[in-house]
Amino acid sequence: MSETLRSQVTRRDFFKKAVSVSAIAATAILLPKKASADEPEIMHHAKWGQKLGYPVTYNRYGLPSPYEHNNLRRNTKLLASGNFQASIAVTPIHESEGIITPNGLFFSRSHGGVAEVDPSEFRLMIHGLVEKEIVLTLDQLKRYPSVTRTHFIECPANGGQEWRGPQFNSLQFAKGFMSCAEWTGVYIKTILEDLGLKKEALWMLAEGSDNSEMGRTVPVDKVLDDAMIVWGQNGEALRPEQGYPVRLLLPGWEGNLCVKWLKRLEFAKEPWYCKEETSKYTALKPTGKAIQHFYANEVNSTVTHPSPEKPWLGLKKGEIVEIQGLAWSGMGTITGVDLSFDGGKNYVKANLKGLVLQKSWTRWSYIYKYEGKPLLLTSRAMDDAGYIQPTIDQETSIMGVESVYHRNAVETWEVTAEGMVNHVQIRS
Amino acid sequence: MFKLDRKLIISATVSALFTASGIAGTASDTYSNGKKVIDGGVTYPVVDSKRGNYVISPQKESYMHGRLATKNELKAWNTDVMPDGTGLPKGSGSVEEGEEIYEEKCVMCHGDFGSGGGGYPSLSKGNAQEAHATLKNQRNVPNADGPVRVFGSYWPHLSTMWWYIHDGMPHPKTKSLSSDETYALTAYMLNINELTIDGEEIDDEFVLSHDNFLKIKMPNVDGFEPKIDGPNGTDNVRKYFANNKNFGAQKVNPADRCMKNCQKKSAKIVRIKGVGISDFLPPISVKRDLPESANAPVVGQAAYEASCAVCHGTSSMGAPEVGDKDAWEAVMIKGITTVYSNAMNGVGGMPPKGGNMDLEDAEIKEIVDYMYSLSR
């Protein structure tokens with residue numbers, strides 16, 4: 001660790017002052033100390049204000065401003081199994097506001113392309129170890145009483161390219177294999193009360209109707225807790241990329257388990273060993289043994305502002321800036337986030353803000369007086385299940401570097417003296 | 001007793017945190033049936049008509065929507081194959097037949113002898129036993145060899161391969177192979193991975209069928225934890241995730257977490273090598289400008305906005321409103337020539353050229369085309 005880094009560590013008292021009301025008020029009064037030249041944006045009528053705007057009838061389904069054309073899901077060839085049907089496009093979380101991902105930006109992962117399901121031909125079969133084996137149409141499914149819940153969905157390979165070192169100088173690619181939405185559907189346990197689940201049933205197979213017939217095995221424990229079949233996403237029908245018309249939602253668990261384009265649920269006393277729970281989605285440890293049925297995405301966090309995409313260019317020494325980020329846990333509810341300015345050597349407590357929900361993205365914030373010096377920003381989240389994010393050393397000491405999945409060690413952004421932001425890791 | 005103590009400690013911690021942060025909700029590490037939460041996390045029992053932050057309705061009914069599935073429907077969709085052979089249909093196929101099908105339908109993606117290529121998965125890396133021996137490899141020093149995770153070395157059960165080929169392959173035309181073809185391709189997979197049956201290497205003559213299927217033992221059958229088979233399967237999982245050391249997670253009493261001097265002296269910054277992975281599509285940009293295509297002037301737009309939008313921008317003037325599909329369909333029934341001519345000469349309440357006689361005839365046509373382009 002360099003001298004520069006060491007010099008940044010014992011500033012807790014200063015930060016306290018920086019966030020106190022009086023300090024901010026004083027800054028607000030001092031800031032506009034010089035007037036600039038007249039700006040044309042103010043001195044001339046805006047061009048959009050002197051002509052008619054487009055009619056309310058123009059976009060029957062609203063679209064973002066054309067100026068937002070860079071706010072896009074992105075992909076890279078590395079994350080494709082040969083083509084862009086068995087691939088992933090990740091969410092621009094550096095542009096995310098609040099805790100809801102717009103439907104058009106929700107990360108998209110498929111194993112055989114996005115299926116285009118005709119809802120009139122949709123059927124859901126529930127069978128196996130139930131007293132009544134049934135078939136539901138979409139309308140019949142939606143007659144069950146609905147529940148609406150906000151949950152993130154995360155691919156367990158989020159951050160999985162960086163077990164051996166940082167690779168992506170990008171927040172979108174380092175942490176964007178996830179999104180968060182408000183989902184509407186039915187608890188599976190509500191349907192099972194009708195069907196009569198047999199006692200010996202321990203496992204449920206969920207299978208998709210897509211090209212790859214994506215299937216996964218789910219323990220009945222989760223099914224009877226909070227597992228849902230969802231058809232609504234942020235107030236409208238699921239997007240095709242999210243499994244239209246219906247997907248499984250296992251709050252907090254691997255995105256891969258939340259089977260899309262859902263077709264059937266089967267109950268049995270033995271597990272199935274689907275392709276995506278043997279060949280992939282298993283975490284190989286240095287012992288040579290691999291964890292199978294690795295369900296919950298563990299407690300995690302990231303700094304979104306600043307980030308490689310959102311550097312502090314133009315920020316001047318002495319200016320007050322909000323350091324912001326996301327925290328999430330598939331095992332429970334976020335209870336706190338700490339922030340380090342020296343890569344995880346010393347931490348201060350950051351503040352949660354907004355809605356703090358179960359198995360959901362949670363926003364956190366820290367008001368900071370910028371000193372124009374290099375920093376190593378590291379966030380560290382905790383949840384109500386008692387977990388805290390591990391250091392990279394702690395996590396790799398158990399999991400090694402070949403596990404691919406479920407990496408949730410703390411992440412570090414290096415902020416340079418110029419305000420540029422680089423993805424680095426701190427390892428011993 | 002130990003269990004109880006631990007639970008008490010956790011719930012005490014949880015409630016303290018909630019009080020501190022003002023969050024409503026009650027987490028429990030135990031389901032209502034008394035069993036621990038299976039994933040190592042917590043559940044939210046209903047307390048005061050709330051589950052976590054969410055108010056729930058107390059009303060309950062029996063709904064019984066849908067209908068019973070027919071036998072044929074169950075048979076048509078229940079196509080999974082389990083490790084004990086459940087669901088495996090009768091049939092057979094040889095290595096030779098498999099190779100033929102592979103050359104025709106698989107090799108273009110998976111490469112010669114399953115070697116992979118172009119990002120498509122490798123199906124074999126030679127002898128499965130030798131590849132299996134690499135699973136402890138860790139690439140934590142430069143140039144180290146990693147573990148070889150292919151079908152032969154890694155997959156615990158043959159049933160997975162049969163099922164996946166039958167339902168999920170060939171990639172561009174899935175669910176098109178017969179059972180016999182699937183047996184043949186599975187046999188070929190065994191052959192190129194140099195797997196054995198009854199101690200004998202599977203050669204070109206070998207025929208895989210429902211009769212000898214369960215005799216194949218995969219080298220990595222015991223390579224996975226926790227054990228999920230049998231009546232204790234889910235309880236094994238529960239036990240496994242109750243111990244955070246099993247999966248690299250850290251538990252902490254929040255009050256005891258390290259806030260100062262949390263790093264070893266040897267801690268150092270590791271940087272991205274070169275530019276790292278950066279072939280992003282599209283390239284990353286956070287610019288807020290118009291896309292290039294939007295900067296090109298749209299023919300007819302400016303003239304429309306200057307001369308026509310006042311009336312055609314809304315339906316209030318009786319003019320067909322731009323964007324109103326039905327209104328424009330009614331107009332276009334007359335044919336485009338009539339519509340051009342009406343626009344030039346006037347129609348109903350509309351004066352010739354909308355009252356702007358400076359417009360050339362060609363411009364009028366462009367304006368009509370532009371208006372219609374937004375209205376269909």
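Predicted model: local features only at pLDDT ≥ 70, side-chain atom pairs only at ≥ 80, totals over all residues.
C258(B) counts as partly exposed, because its relative accessibility is 30%, where partly exposed lies between buried, under 20% relative accessible area, and exposed, over 50%, with a 1.4 Å probe and protein chains only. Its counterpart C262(B), with a relative accessible area of 24%, is partly exposed too. These two cysteines form a disulfide with sulfur atoms 2.2 Å apart, a disulfide being a pair of cysteine sulfur atoms within 2.5 Å. The torsion about their S-S bond is about -100 degrees, so the disulfide is left-handed. In chain A, by contrast, C258(A) takes part in no disulfide, and the nearest cysteine sulfur, in C155(A), is 11 Å away; C258(A) is buried, at 1% relative accessible area.

Residues are numbered from 1 along each chain as its sequence is written, chains are lettered from A and ligands numbered from 1 in the order in which they are written, and side-chain values use heavy atoms, leaving out hydrogens and water.

How many disulfides does a search of the whole structure find? Over all chains, the search finds one. As for C311(B), which is partly exposed at 31%, its sulfur is 8.7 Å from the closest cysteine sulfur, that of C308(B), and this is too far for a bond.
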